[in-house]
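Subject: Structure handover

Hello,

Here is the structure you asked to look through. Please open it first, then read the notes below.

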Amino acid sequence: MRPVDIIRRKRDGGELTPAEIDAFVRAAATGEGWATYQLSALLMAVFLRGMTPAETAHLTRAMADSGKVLDLADIPGPKVDKHSTGGVGDKTSLILGPLAAACGVVVPMMSGRGLGHTGGTLDKLESIPGFRVHLREDEFREALRAVGLGMIGQTSDVAPADKTLYALRDVTGTVESVPLITASILSKKLAEGISGLVMDVKAGHGAFMKTPAAARELAESLVRVGTANGLRVSAVLTGMDTPLGRNVGNALEVIESVETLKGNGPPDLTELSVLLAARMVRLAGLAADDAEADRRVRAALSSGAGLEVFRRCVEQQGGDPRALDDYTRLPAAPRTMHVVAPRSGYVSEMTAGAVGVAAMVLGGGRERAEDGVDHAVGVVCRRKPGEPVRAGEAVYEVHYRSTVRLIDALPLLEESFAVADAPPPAPPLVLGEIT
Ligand code: URA
């Protein structure tokens, strides 16, 4: 089986056999047998020709099996995780993980770092002093047993084929392919040893998928391929035209998450976190229907049980739990300034992508995987679309360290919003759902 024959078959629109897919994935994981240009050529052929559901399901399983797959059978309780395709101000993991765990779900959450204009859960957690996102496997298991929640980074032995292939896709223009995205996301989730997965597939300016139709196509593929690999998957399509919640930036997002667990969160963030946590409870088999799951999650929120789980999780992973009550223990930027409304009226739009890029430019995100992040900087949306504002009042509060970076970020923020005479119609939080 020569690589060139496999490439030719896909180039001509054929269907690859399981053995051909295995050969490709083995080569990606080990670096042997195929040249990098041959891996890239097959990626491009898949990008142009697509894959059948059966090919995608096999690719996903082969990529998961290219590395370590956790077996959590000895830890009691249903294991369910959530994955978001990424958005600006999307800190729901920090809220729904504790809420779902408070309802009895075991949540073995392995996340990535932020790249580009969307933030990553690990970077947010690392703004809590002492918080360790790299636990040994025995420590991770202990966290799951003791707290019901562990939030860690993907180790290098998880889906190594994906590491090679994702890096190649990034530089060969082959990222935006539904079968390749599906296999990339689900291979890493299958490696967590979970039985259920809730997907938040975002659509809009600030999302990976720009239109609801593209997001739906990805969501359907994720549900189909996850199910074919033995996972219970539920996908929620949500809008990402404006930032979620008000805070964008690592420590700022931790504060907003904790406030949400204390019951003081903004409505969009609270509602989405509750919805996704309820879907996790449902997939875990801990509620008879969506209404009961919703009631259980709201009870965990209002009783403070979710906050308590987050506090224990922080403690268990070496973080300073006092930071959840005393925010001065979190990193803070040395300076703030306001971006103000040029006229009075209602904020009529706020482009999530621009706010996300501004936060990245301030130092809160990374342009390349090897960049570091500044946990303190970011943007607080003092007004969101639909809210009234007077000329000269703040729309954004910018938390910054470097004036040079601020100068680059300001034009993005100034052009990211509009003020109109009337409020815009409220956008729906959920665009659709696939189960
Ligand atoms: N996230 C992933 O993990 N993989 C992709 O291919 C795209 C988004």
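Predicted model: local features only at pLDDT ≥ 70, side-chain atom pairs only at ≥ 80, totals over all residues.

In soluble globular proteins, nonpolar side chains tend to be buried together.

Now find F310. Which residues does F310 touch, leaving aside its neighbours within four places in sequence? They are L94, P98, L125, I128, M151, V258, L261 and L324.

**How the domains meet**

The chain is divided into domain 1 (3-50), domain 2 (80-324) and domain 3 (331-420). Look at the last pair. The C-alpha centres of domain 2 and domain 3 lie 24 Å apart. Across the boundary, 25 residues of domain 2 are in contact with 30 residues of domain 3. Together the two domains bury about 1,900 Å² between them. Carbon and sulfur atoms account for 58% of that area. On the domain 2 side, R246, V248 and L252 lose the most area to domain 3. Those residues make up 28% of what that side buries.

Domain 2 and domain 3 share 3 salt bridges. Separately, look at D123 and R366: they form a salt bridge, with the closest N and O atoms 2.9 Å apart.

**Strands**

Start with strand β9 (residues 378-381). G378 and V380 point one way, V379 and C381 point the other way, and all are buried. The general rule is that in a regular strand the side chains alternate between the two faces of the sheet.

β9 has two partners to look at. Strand β6 (residues 247-248) pairs with β9 in the antiparallel sense over 2 bridges. Here V248 has V379 as its bridge partner. V248 is also one of the residues that lose the most area to domain 3. Strand β11 (residues 394-400) pairs with β9 over 4 bridges, again antiparallel. V380 stands opposite E397 in β11.

Next comes an open sheet of 3 strands, in the order β10-β8-β12, with antiparallel pairing. β10 (388-389) and β12 (417-420) each have a single partner strand, so one side of each is left without a neighbour in the sheet. Strand β8 (residues 345-350) is joined to β12 by 4 bridges.

**Salt bridges**

How many salt bridges does a search of the whole structure find? It finds 38. Here are some to locate:

- D294 and R298 form a salt bridge, with the closest N and O atoms 3.0 Å apart. Both lie in helix α13 (residues 290-302), 4 residues apart, about one turn of the helix. D294 is partly exposed at 26% relative accessible area, and R298 is partly exposed at 32%.
- D320 and R329 form a salt bridge, with the closest N and O atoms 3.6 Å apart. Is D320 buried or exposed? D320 counts as buried, because its relative accessibility is 15% and the cut-off for buried is under 20%. R329 is partly exposed at 33%.
- D138 pairs with R136 in a salt bridge, at 3.0 Å between the closest N and O atoms. D138 is partly exposed at 46%.
- K68, D74, E137, R141 and R145 are linked in a network of salt bridges.

Best wishes

Notes. Residues numbered from 1 in each chain as written. Heavy atoms only, no water. Contact = heavy atoms within 4.5 Å. Pairing = 2+ DSSP bridges. Buried < 20%, exposed > 50% of the residue type's maximum accessible area, 1.4 Å probe, protein only. Domains from an automatic or database assignment. Buried area = accessible area lost by both parts, 1.4 Å probe. Salt bridge = Lys/Arg side-chain N within 4 Å of Asp/Glu carboxyl O.
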